[in-house]
Amino acid sequence: KTLELAPCNTKTCGDKVDCQYGLWSNWGNCTKCGGQRFRSRSIMQHPSFGGMECQASETMQTTRCPRECGEQLYWCAWSEWTKFSACTKTCGAGNHVRQRTLAMTDKRPSSPLAVASSKKDCKGSVSDVQPCDLPACEACAPKDCELSGWSEW
C-alpha cells in the first residue's frame, strides 16, 4: 500500500481578531472601613481566528479604600518657631524673642503632643527670650568744666 498525503483546509477562515475590553466602570463603594473597593470592565470583542485570548484578570481591579472610618481625629502640634524679633535695645542689655503656637491639625504630625476629639481642645503658645549681643552703651555723666590757663595779651 502506498500512502498519499495532500493538503486540505488551506483557505483562511477570516482575519485574526484579538480580545478587546470596554472602558473601566467607576470605583464601587468600600466594602467596610479600611476595606477594598472594585471596578470592572466588560469584554467587548472575543478573539477569533487565533487572536489574543481574553484574560479574566483584566476585567476586574481592586484597590484599598482611601477613607478611614469612625470619628475624625485631630492632633495638637507645635508650629515652627518664628524668626527672632529685633532687639529691644540698640546697646547694653536687650532681648529678642521668638514664638511658636500650639494648634489643632487633622494631619498626623511626626511627634504629636496629644490626640484630641474636637478642634476646641488645643490652644497655647510659648516664647523663647534670648539676650542680644550688643555693644556697651556710652556712659553719659555730667563733668566739671576745666579751664585752660590764660593766654598772653
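**Covered strand and cysteine links**

Reply: Of the five residues of β5, four are buried, so that this strand is mostly covered. Please note that this is a predicted model, in which local features need pLDDT of at least 70 and side-chain atom pairs count only at pLDDT 80 or more, while totals for chains, interfaces and linings use all residues. Residues are numbered from 1 along each chain as its sequence is written, and side-chain values use heavy atoms, with hydrogens and water left out.

Me: What makes β5 and β6 a pair of strands?

Reply: Strands (E, at least two residues) are DSSP runs, numbered from the N terminus, and two of them pair if DSSP finds at least two bridges between them. Four bridges join β5 to β6, and the two run antiparallel; A77, for one, has A103 in β6 as its bridge partner.

Me: How do you know that C19 and C54 form a disulfide?

Reply: The term stands for a pair of cysteine sulfur atoms within 2.5 Å, and the sulfur atoms of C19 and C54 are 2.0 Å apart, so they form a disulfide. C19 lies in the segment before β1 (20–21) and C54 in the loop between β3 (43–45) and β4 (60–64), so the link ties together parts that are 35 residues apart in sequence. The structure holds three disulfides.

Me: Why is C19 called buried?

Reply: Buried means under 20% relative accessible area, exposed means over 50%, and partly exposed is in between, with a 1.4 Å probe and protein chains only. C19 has 11% relative accessibility and therefore counts as buried.

Me: What makes C87 and C132 a disulfide, and which of the two words, buried or partly exposed, goes with each cysteine?

Reply: The S to S distance of C87 and C132 is 2.0 Å, and the link is right-handed, with 120° about the S-S bond. C87 lies in the loop between β5 (74–78) and β6 (95–105) and C132 in the segment after β8 (124–131), so parts 45 residues apart in sequence are tied together. At 26% relative accessibility C87 counts as partly exposed, whereas C132, at 14%, counts as buried.

Me: Why is the disulfide of C91 and C137 called right-handed?

Reply: The torsion about the S-S bond of C91 and C137 is about 100°, so this disulfide is right-handed; their sulfur atoms are 1.9 Å apart. With relative accessible areas of 24% for C91 and 42% for C137, C91 is partly exposed, and C137 is partly exposed.
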